[in-house]
Amino acid sequence: MTFFSPRGLAVAFVAASLDGALAFFPNCVGSNLQACNTSLSFMERASSIVASYSLTDVVVNLGTSAAGVELAGMPPYRWWSEALHGVASSPGTFFASSGEFSYATSFPEPINLGASFDDPLINSVASVISTEARAFNNANRAGLDFFTPNINPFKDPRWGRGQETPGEDPLHISRYVYQLVTGLQGGVGPDPYFKIIANCKHFAGYDLENWNGNNRMAFDAIISTQDLAEFYTPSFQSCVRDAKVGSVMCSYNAVNGIPSCASRYLLQDIIRDYFQLGENQWITSDCDAVLNVFDPHNYTTSLAEAAALSIQAGTDLDCGTTYPGILAQAVDQNLVAETDVRTALTRLYGSLVRLGYFDDPVVQPYRQLGWTDVNTPAAQKLAYTAAVEGMVLLKNDGTLPLAKKTKTIAVIGPWANATNQLQGNYNGIAPFLVTPLEGFKTAGFSVNFANGTGISSNDTSGFAAAIAATSHADAIVFVGGIDETIESEGNDRMNITWPGNQLDLIGELAKQGKPLVVIQMGGGQVDDSALKANPAVGAILWGGYPSQSGGTALADVVTGKAAPAGRLPITQYPANYVNQIPMTDMTLRPNASTGSPGRTYKWYTGTPIFEFGHGLHYTNFSFSWSSTPAASYDIQTLISSAKSNSVEFLDSAPLETFEVEVKNTGHVTSDYVALLFSNTTAGPSPAPLKQLISYTRVHGVAAGKTAVAALNVTLGAIARVDEQGNSVLFPGTYDIWLDTTGALTHSFQLTGSSVQIAAWPQPSSS
């Protein structure tokens, strides 16, 4: 199909029918169109297209299903594709019904990936996802812009979308997103071509779906400047400033009275100016969030005003139909300048130029990717590795790994024969799904199977069959927990207990006098206190959403073929936590007047069932410092050194690399995740109980062998955030320790005078 520009210059576009949909991508070979002129800058090429458009042409291309402009040689384009943990079904992505492009590699959910605490793994997973995404695009089955990742901290255990995130800790999420985005995009702001455009969402303060009558579309998150800077936004700073993501999504909720997508403070002052989002990077609304500025936020008196304010705030793309339908009227009513509207589309097209969208496919390396690059043996192996690395052993009295004499096992529970449940949400079509039942059979066991009950069922009629299945078994494996019927987008939990009568069934299984392993599935945690206290429950293994190779990975960990080394990336709270603080309370610090015990491991003053960072092994380790760490650091010397080494951002300047010798003193080869925590009373009060300042994962430490864990600590990691949101190095005593157990400790002094290393943009006083 050939389109013609107003100047009579032909641009050919390849078209393909996609199960009833039509997609195009341009071929500029032999064209004189400025958009195809690679000697021009990205923005010059993008501006040349927009300059040829009428206002009507511009606005119809500012929705996620962009209409294109035939006379200008611009085809239709879908901005919205998904790839949370693999190429996913979405408005811009089309799986074939069979054969080529009928599936893509399905990696574990981000909550599992976060539990691995393995930065190189995250980058490798993201690289495979983007390779497969490009292959789908080359076959006209996906766009080039993927609305992933979700990097809102998982601060409340009831949140239905916590499974989409890597956890609750800002430093951990910041490092995760850096690895993920650079893997997806092909580097840090890669030149000349982005592999795909990633999208960091949802800015800002988004972690509520529909709780107790509070809906995300209308919720107003009241957040202090201190909490905004310290907790809710560091992951976005890493994504935008450091990884140089191509796009950001503003959230449904309001922050301090202003809907996020209409907030100049959030989008212009913080995202564009402070985090340095560039002019060929763009901001999209969450889907219909521009409409929500008008209804139900009631922030404006008309839909046209809502569209105008959103454009002026910096929302370039409307994931919806408000911009295409109403923006021209807003310009006519002098609510917004036409130049602002054109700037938005120029930013969007600038990103397409950086993707090589207009360039000769022969010289664009990513255009050569195809079906043979999807679900390769290497990708399958990586998906399995990710599943294993993200599993967390919560309890073990020696029951695991199962004794070699174990020949017959009873596999019981509502997750025992799970298929699609293994993927969690925002999933695509997996090439295969290994159920837990299949995994144990393949591992060589004779398996007796019974569901026994459902996820939320209170029907006990299946108990008898479950008990009968254990009669000739050497061991019992219960696989249950929660799934998307309990936690999902639009669906928060009202409690954090085991649903239905699963605990009752486990109690009956515990009476059978046989080794009992409980595998807890799902992204959010449930209160395991009864299982932790029951001596008949020999082991608890958290499996999350392990995806395509989940059953194989679970069986391999249970049998000892693979050794667990994952760590909880979130806190497992007691059930009563939900009665102590409402989801709508965005504050982090404990508050005696409201009864809040505080949020996340940094501030929670109660006793968790299993704490953030908890995770057991099949072996033992001993630890020592490779060399004795320094006893003090002078603040002024640290700052001077950073400046002399031309460190652009002081928060990223190094404090020290603490090296720990990790010796495997047991008998099983195992990975080890080194978590380094810190505490200080220097700076504003109250101080966090502790905070993660570094981590790394060492691999395959054999029995009797030693590996070195290098823990890099930056100035930003030990800085405190004051009430104005500024990051400050304060003189004082800093205690650091390895692991949740304090296996290795050290104290040092920061000397000299305090220095502000980052000045947070202040909200308007009006």
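These legends walk through several close-up views of a predicted model.

Because the model is predicted, local features need pLDDT of at least 70 and side-chain atom pairs count only at pLDDT 80 or more, while totals for chains, interfaces and linings use all residues. Residues are numbered from 1 along each chain as its sequence is written, and side-chain values use heavy atoms, with hydrogens and water left out.

View 1. Helices (H or I, at least four residues) and strands (E, at least two) are DSSP runs, numbered from the N terminus. The buried residues are P234, S235, F236, Q237, S238, C239, V240 and R241. Their cover includes α5 (170–185), β6 (199–203), α6 (225–232), β10 (247–250) and α8 (264–274). After α7 comes K244, which has a positive phi, near 60°.

View 2. Look for V188 in the loop between α5 and β6. With 38% relative accessibility, V188 counts as partly exposed. Contact means heavy atoms within 4.5 Å. Leaving aside neighbours within four places in sequence, V188 touches Y178, T182, D242, A243 and K244. T408 is 220 residues from V188 along the chain, and their C-alpha atoms are separated by 51 Å.

View 3. Most residues other than glycine have a negative phi, and most peptide bonds are trans. The bond from T148 to P149 is cis, with omega near 15°, and P149 sits in the loop between α4 (119–138) and α5. A cis bond also leads from K201 to H202, with omega near 5°; H202 belongs to strand β6. D288 has a positive phi, near 75°. You will find D288 in the loop between β13 (282–285) and α9 (289–294), and at 34% relative accessibility D288 counts as partly exposed. Y426 has a positive phi as well, near 45°, and lies in the loop between β15 (408–412) and α14 (436–442).

View 4. Two strands pair if DSSP finds at least two bridges between them. Read across the sheet, the order is β21-β29-β28-β23-β24, and the pairing is mixed. β21 (632–634) and β24 (691–701) are the edge strands, each pairing on one side only. β21 runs parallel to β29 (residues 744–751), and 3 bridges join them. D634 has T751 of β29 as its bridge partner.

**View 5. The largest pocket.** On a 1 Å grid over the protein atoms alone, a pocket is an open set of points with protein on both sides within 12 Å along at least five of seven lines, a cavity is a set of points where a 1.4 Å probe fits but cannot get out, and lining residues have an atom within 4 Å of a point. Grid points are joined across faces, edges and corners, and a volume is the space filled by probe spheres set on the points. The largest pocket holds about 1000 Å³ of space. Of its 40 lining residues, L171, S174, T714, G716 and A717 lie nearest the centre. Elements that each supply at least two lining residues include α5, α6, α7 and β24. The lining has 17 nonpolar, 14 polar and 9 charged residues. Ala, Val, Leu, Ile, Met, Phe, Trp, Tyr, Cys and Pro count as nonpolar, Asp, Glu, Lys and Arg as charged, and the others, Gly among them, as polar.

**View 6. The second largest pocket.** This pocket has a volume of about 380 Å³. It is lined by 20 residues, and I258, S263, Y265, P763 and S764 are the closest to its centre. α8 gives the largest share of the lining, 4 residues.

**View 7. The largest cavity.** The model has 7 cavities of 30 Å³ or more, and the largest contains about 70 Å³ of space. Among the residues lining the largest cavity are S678, N679, T680, A717 and Y734. β23 (670–680) provides the largest share, 3 residues. By class, the lining divides into 5 nonpolar, 4 polar and 1 charged.

Key
Buried means under 20% relative accessible area, exposed over 50%, partly exposed in between (1.4 Å probe, protein chains only).
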